[in-house]
Every structure is written in C-alpha cells, then in structure tokens.
Amino acid sequence: MTFNPNADISGNTTRRRGRNAAIGGGIGVGVIGILALLIGPMLGVDLSGLVGGGTVPSGSGNSIEGTLTECETGADANENDDCRMAGAEVVLNDYWEAHVDGYVAPTMTVVEGQTPTQCGTASNAVGPFYCPPEMGVYIDPDFFAIMRQQFGASAGELAQLYIVGHEWGHHIQNITGVMREYPNNGTGPDSNGVRMELQADCYAGAWLGDVTTLEDDNGVPYLQPPTETQLRDAVNAAYVVGDDHIQQQSGGFVSPESFTHGSSEQRKYWFANGYTNGLGVCDTFAVPGDRL
C-alpha cells in the first residue's frame with residue numbers, strides 16, 4: 001500500500017529516540033536468540049507487568065532525540081521507512097478518532113539502536129511493542145530487515161503498516177478498557193493473551209480495509225488502494241509471526257499451551273476478517289475457543 005505522493009503527513013508527532021549503536025554488543029544475540037526474544041514481545045504482547053524501566057548499556061553510542069520534521073509528504077513516506085511510520089501515525093489517528101469516542105492518541109517513537117522505556121528496552125531485537133503505562137508505540141524500522149533475514153518475509157509497505165496498525169490496536173484495547181476487563185490469565189490457545197493479539201490483528205485489518213477512504217485536509221487520499229502482491233505480503237507478515245511458526249523455527253517443536261499470540265493460521269484469519277468485514281467482527285473475546 002503506497003502513500004499518495006502529495007498527501008500531507010506534516011502533522012505527525014512521531015519522535016526519534018535511541019542510541020545508534022549495534023544491538024546487544026557483547027551479548028551475542030544470534031538467530032535463535034532473536035527468535036526467543038520474539039516469541040514473547042513481538043508485535044505487541046501486553047507488557048504492562050514489566051514496568052520498571054529498561055536501561056541502555058554504558059558506552060553504547062551517542063544519544064538521539066528529536067521529531068521527524070523531515071517527513072512532510074506521502075512521497076517522503078514512500079522513500080523512507082521512518083517517514084512511513086510517521087505517515088502511519090497520522091492516518092491511524094484520523095481513523096481511530098472517528099471510531100472511538102474521546103480518543104486519545106498514543107505517542108509514536110521510532111527507535112534507532114535502543115532506548116529505555118517503562119516496559120523495558122526498545123530495540124530491533126525485541127521488536128515493535130506497545131507500552132501501556134506510557135500509552136506509547138515503539139518501533140525500530142530495522143526490525144523489518146530482521147523479518148526478511150530471519151523469517152523470509154518480504155516486509156514491504158503494507159506489511160509494515162499492518163505491524164504498526166497492530167500496535168495501535170493494543171492502544172485501543174488500553175483506552176477502551178479491554179485490557180482491564182480481560183487481564184493476563186496465562187498462556188495457551190484459548191488465553192486472554194492470544195485473544196488480545198488476534199483482536200489487534202483484526203483491528204489492523206479493519207483499518208487497512210478502510211484506510212483508502214481517509215483524506216488529508218486538502219482532500220487528498222493518504223493511501224492508494226493496495227495491490228494483490230501487497231495484500232499477500234501483509235498476510236505473510238501475519239503468518240510468520242504466529243506462535244507455531246516461530247516455535248518451529250526456533251526449536252523444531254510446537255507447544256500450543258505456551259501460545260501467547262496465536263497460530264499463523266489464526267493471525268492470517270483475523271487480519272483478513274477485519275480487512276474484509278470491518279471492526280464489527282473483531283470481538284475475539286466473544287468467540288468460542290474452537291472458533292478462534
């Protein structure tokens with residue numbers, strides 16, 4: 001899904017933060033290490049129980065802080081992953097403001113290297129996540145390269161927007177009380193955690209299914225209709241972050257009782273269900289476990 005080149009995204013408030021050093025210096029996080037890290041926090045596991053603040057190792061490079069003022073148009077979003085995140089922020093806020101009474105936008109932070117948060121250290125090894133105490137989304141665009149290298153995903157434009165939209169879904173769950181109503185009750189295929197993740201997938205699909213109707217203040221649609229290739233890419237991104245796929249790649253076995261995000265087929269289904277049918281089908285907590 002490509003931004004219209006003339007679309008205005010200059011109203012974004014996305015921040016850039018971090019230390020531009022290699023992740024895990026001296027720790028040696030390899031393929032299996034990254035996979036192990038991703039099983040839990042990848043794509044928005046509820047990290048509210050991890051409040052305590054992360055730390056950045058000493059000697060890890062220069063601090064980076066600022067806003068993405070260089071991201072002004074859809075052309076910028078098409079050329080630069082950071083600006084694509086900034087553009088996604090603008091469109092996501094427009095969408096959810098129209099669908100949630102009293103909507104409060106989350107903060108959006110593009111991470112370079114790593115940065116401390118109230119939910120632990122944000123980095124490309126941890127993956128994108130939403131931090132409930134901060135009401136903040138964190139994402140390092142270098143993570144998309146990890147998806148390509150370690151999981152065989154193409155992680156193109158629409159797949160990237162799906163990932164950001166998933167994190168926004170967790171923000172919606174936070175501000176609408178879903179996280180309070182359905183607290184963490186452990187792991188497993190019928191757990192609240194899995195239902196939370198599948199609902200966020202559905203929310204991301206619903207947003208992307210409706211997003212081409214959203215326009216900037218000048219009446220220019222933010223995004224062009226997706227191509228079939230882009231849709232397949234987004235579905236593939238949902239597939240490769242399924243618990244079973246990650247477990248199979250990291251250890252050669254699948255343990256449904258340890259699921260935290262749902263299977264690959266479930267994640268594909270709920271993204272596609274939201275994309276095709278809209279927000280009205282996204283109450284995963286009302287669905288029997290055998291129909292998830």
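Student: Why are helices α7 and α10 called oblique to each other?

Tutor: Helix α7 (residues 192-210) and helix α10 (residues 264-277) pack at an angle of about 40°, with their axes 6 Å apart. Angles under 35 degrees count as roughly parallel, over 145 as roughly antiparallel, 65 to 115 as roughly perpendicular, and the rest as oblique. The pair α7 and α10 is therefore oblique. The crossing of α7 and α10 is also right-handed, a term used if the near helix is turned clockwise from the far one by less than a right angle, anticlockwise being left-handed.

Student: Which residues make the contact of α7 and α10?

Tutor: Among them are Val194, Leu198 and Asp201 of α7, and Trp270 and Phe271 of α10. Contact means heavy atoms within 4.5 Å.

Student: On what kind of model does this rest?

Tutor: The model is predicted: local features need pLDDT of at least 70, and side-chain atom pairs count only at pLDDT 80 or more, whereas totals for chains, interfaces and linings use all residues. Residues are numbered from 1 along each chain as its sequence is written, and side-chain values use heavy atoms, with hydrogens and water left out.

Student: What makes α8 and α10 oblique to each other?

Tutor: The axes of helix α8 (residues 228-240) and α10 cross at roughly 140° and come within 7 Å. Axes are lines fitted to C-alpha atoms, for helices over the stretch in contact, and angles run from 0 to 180 degrees between N-to-C directions. By the ranges already stated, α8 and α10 are therefore oblique. Residues that meet there include Leu231 and Ala234 in α8 and Glu265 and Lys268 in α10.

Student: Why is asparagine 93 called buried?

Tutor: The relative accessible area of asparagine 93 is 12%. Buried means under 20%, exposed over 50%, and partly exposed in between (1.4 Å probe, protein chains only). Asparagine 93 is therefore buried. Asparagine 93 lies in helix α3 (residues 81-99), and, leaving aside neighbours within four places in sequence, is in contact with Tyr103, Ala105, Pro106 and Trp168.

Student: How do you know that β3 and β4 pair?

Tutor: Two strands pair if DSSP finds at least two bridges between them. Strand β3 (residues 107-117) and strand β4 (residues 120-123) are joined by 4 bridges in the antiparallel sense, and one of the bridge partners is glycine 120 of β4 for threonine 117. Helices (H or I, at least four residues) and strands (E, at least two) are DSSP runs, numbered from the N terminus.
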